[in-house]
Amino acid sequence: MIKRLNNFLRSRIWRLLNLHRYARLEKRAFIECPFILTGQKSISLGEGVKIWPFARIEVFTGSKLAPALIIGEYTTIQPFVHIGVADKVTIGKHCLIASNVYISDHDHNTSLPRSDPLYKNDYLQTAPVTIGPNVWIGEKANILKGVSIGESSIIGAGSTVTKDIPSYCIAAGSPAKIIKVWDADLKKWVAWEGNPSEK
Ligand SMILES: CC(C)(COP(=O)(O)OP(=O)(O)OC[C@H]1O[C@@H](n2cnc3c(N)ncnc32)[C@H](O)[C@@H]1OP(=O)(O)O)[C@@H](O)C(=O)NCCC(=O)NCCS
């Protein structure tokens with residue numbers, strides 16, 4: 001009871017103190033300390049978004065684009081997430097993102113071998129990432145630039161998603177492939193052997 005009250009007060013106080021720092025912070029949105037955060041003015045958190053401790057979230061507002069991170073209502077992001085945004089990352093409502101997940105909409109420029117420092121924003125290659133509502137991303141998964149994950153899909157633990165995953169699929173492996181699809185008639189996940197483009 002005391003713990004719940006403590007959590008309630010901490011999250012309310014945190015939001016009130018930080019409202020002006022973010023693009024949007026809806027009620028009950030909360031990022032638990034400690035965290036590494038840059039570009040708060042480009043971050044929008046919907047109602048009830050909970051981000052657990054040790055998040056590393058970097059929105060590179062110094063780049064030529066106008067980057068944005070948008071997280072929908074009641075999405076939960078577990079500890080040690082790393083989200084890098086140079087363009088746009090959109091995470092839908094009611095998603096569950098497990099610990100140590102990496103989500104990025106950019107790469108350093110890979111067109112040529114480089115000898116100068118790679119961290120310069122000028123050298124980023126970007127493509128937006130979109131994660132639909134009700135998606136569950138398993139522990140230590142990597143979601144790379146340009147990827148869309150459709151509504152209610154599941155990404156297996158340790159997977160690396162390099163291409164779009166449609167709605168109502170389970171995808172796993174590196175690179176992630178569809179392993180099951182939701183059969184609305186049977187009301188269960190069934191094994192998928194086909195080509196992703198046929199889904
Ligand atoms: C993706 C997942 C949900 C699939 O569960 P499932 O439907 O029970 O899948 P199955 O065990 O029937 O596996 C089906 C096939 O996919 C493979 N597979 C399952 N999960 C996999 C993964 N994460 N990576 C690679 N392959 C995977 C299985 O080896 C199996 O292959 P096979 O047919 O060649 O034997 C589950 O394996 C998973 O990764 N869960 C995430 C757990 C997690 O991160 N929890 C954090 C708490 S929020």
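Leaving aside its neighbours within four places in sequence, valine 161 is in contact with Ala141, Asn142, Ile143, Leu144, Val147, Ile149, Ile155, Ala171 and Ala176, where a contact requires that the C-beta atoms of two residues, placed from the backbone, lie within 7 Å. The model is predicted, and local features need pLDDT of at least 70, side-chain atom pairs count only at pLDDT 80 or more, while totals for chains, interfaces and linings use all residues. Residue numbers start from 1 along each chain as its sequence is written.

Val161 also belongs to the largest nonpolar core, which has 44 residues, and Leu69, Ile155, Val161 and Ala171 are the members that touch the most others. A nonpolar core here is a set of buried Ala, Val, Leu, Ile, Met, Phe, Trp, Tyr and Cys residues joined through C-beta atoms within 7 Å. A residue counts as buried if 20 or more other C-beta atoms lie within 10 Å of its own, as exposed if 12 or fewer do, and as partly exposed in between, with C-beta atoms placed from the backbone. By this criterion, buried residues make up 31% of the 199 residues in the chain.

The chain contains one helix and 23 strands, these being DSSP runs numbered from the N terminus, with helices (H or I) of at least four residues and strands (E) of at least two. The radius of gyration, taken over C-alpha atoms, is 18 Å, close to the 16 Å that the globule rule gives for 199 residues, so the chain is as compact as a globular protein of that length; the rule itself is 2.2 Å times the number of residues to the power 0.38. Along its principal axes the C-alpha trace spans about 55 × 50 × 25 Å. Among contacts in the chain with a separation of 6 or more, 28% are between residues 24 or more positions apart.

Turning to the sheets, six strands form an open sheet with parallel pairing in the order S1-S4-S7-S10-S15-S18, where two strands pair if DSSP finds at least two bridges between them. Its edge strands are S1 (24–25) and S18 (148–149), each of which pairs on one side only. Within this sheet, four bridges join S7 (residues 68–71) to S10 (residues 88–91) in the parallel sense, and isoleucine 70 stands opposite threonine 90 in S10.

Another open sheet, of nine strands with mixed pairing, has the order S2-S5-S8-S11-S16-S19-S21-S22-S23. Strand S2 (30–31) and strand S23 (188–191) stand at its edges with a single partner strand each, so one side of each is left without a neighbour in the sheet. S21 and S22 pair in the antiparallel sense over four bridges, and alanine 172 stands opposite lysine 177 in S22. Four residues lie between the strands in the hairpin of S21 and S22, where glycine 173 takes a positive phi near 100°. The loop between S21 and S22 also holds proline 175, which is joined to serine 174 by a cis peptide bond with omega about -5°. S22 is likewise joined to S23 by four bridges, and these two strands run antiparallel, with valine 181 opposite valine 190 in S23. S22 and S23 form a hairpin with four residues between them, and lysine 187 in the turn has a positive phi of about 55°.

Further backbone features lie in other loops. Most residues other than glycine have a negative phi, and most peptide bonds are trans. Phenylalanine 80 has a positive phi near 65° and is found in the loop between strand S8 (76–77) and strand S9 (82–85); with 17 C-beta neighbours inside 10 Å, phenylalanine 80 counts as partly exposed.

Which residues come nearest to the ligand? Of the 15 residues around the ligand, Gly138, Glu139, Gly156, Ala157 and Ala172 do, where a residue is near a molecule if its C-beta atom, placed from the backbone, lies within 6 Å of it. Strand S21 (169–172) and strand S22 (177–183) are the elements that give two or more residues to this shell. The shell divides into eight nonpolar, five polar and two charged residues, with Ala, Val, Leu, Ile, Met, Phe, Trp, Tyr, Cys and Pro counted as nonpolar, Asp, Glu, Lys and Arg as charged, and the others, Gly among them, as polar.
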